[in-house]
Amino acid sequence: MAGWESLRVDLLRLREESPGALVVWPSPHTERRSERRFRIVLAAWATEIADTLKAKYGDVVDLQVGAMTFPGGELVASESALQLPGVPAEAAGLDVEQRGTRRTPD
């Protein structure tokens, strides 16, 4: 299993080759000797990158892809993060009506 020096090189490469894939990651420009695990958050579309990192670094990395742990697939977002800010539609003066079901021509 590879360590920080190898991960550092991979993070720099990923930043260049896959723009937007890395959302949260340890700075590759700092020396790290005592950290045992590195937290990396990837964009929701970056599951293949997560597979590669997990295969190469194993338990050295704590991975999250989008709002899910990887590879466990557990939701990471807190309940408050899932709430949209604002007021209910009625209090904001909005009316909501159900529309009829679309029918396709016979």
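**Close-up views of a predicted α/β chain**

**View 1. Contacts and surface across the whole chain.** Of the contacts (heavy atoms within 4.5 Å) between residues at least 6 apart in sequence, 35% join residues at least 24 apart. This is a predicted model, so local features need pLDDT of at least 70, side-chain atom pairs count only at pLDDT 80 or more, and totals for chains, interfaces and linings use all residues. Residue numbers start from 1 along each chain as its sequence is written, and side-chain values use heavy atoms, with hydrogens and water left out. Of the 106 residues, 27% are buried (under 20% relative accessible area, 1.4 Å probe, protein chains only).

**View 2. The sheet, strand by strand.** The chain runs α-β-β-α-β-β-α, with helices (H or I, at least four residues) and strands (E, at least two) taken as DSSP runs numbered from the N terminus. Its open sheet has the order β1-β2-β3-β4 with mixed pairing; strands pair if DSSP finds at least two bridges between them. At the edges sit β1 (22–24) and β4, each pairing on one side only. Strand β3 (residues 61–65) meets β4 in the antiparallel sense over three bridges, and Leu63 has Phe70 as its bridge partner in β4.

**View 3. Helix α2 against the sheet.** Helix α2 (residues 47–57) packs on the sheet and touches β2, β3 and β4. Its direction makes about 170° with that of β3 (axes are lines fitted to C-alpha atoms, for helices over the stretch in contact; angles run from 0 to 180 degrees between N-to-C directions).

**View 4. A cis bond at Pro71.** Most peptide bonds are trans. The one from Phe70 to Pro71 is cis, with omega near 10°. Pro71 lies in the loop between β4 (68–70) and α3 (79–82).

Key:
Buried means under 20% relative accessible area, exposed over 50%, partly exposed in between (1.4 Å probe, protein chains only).
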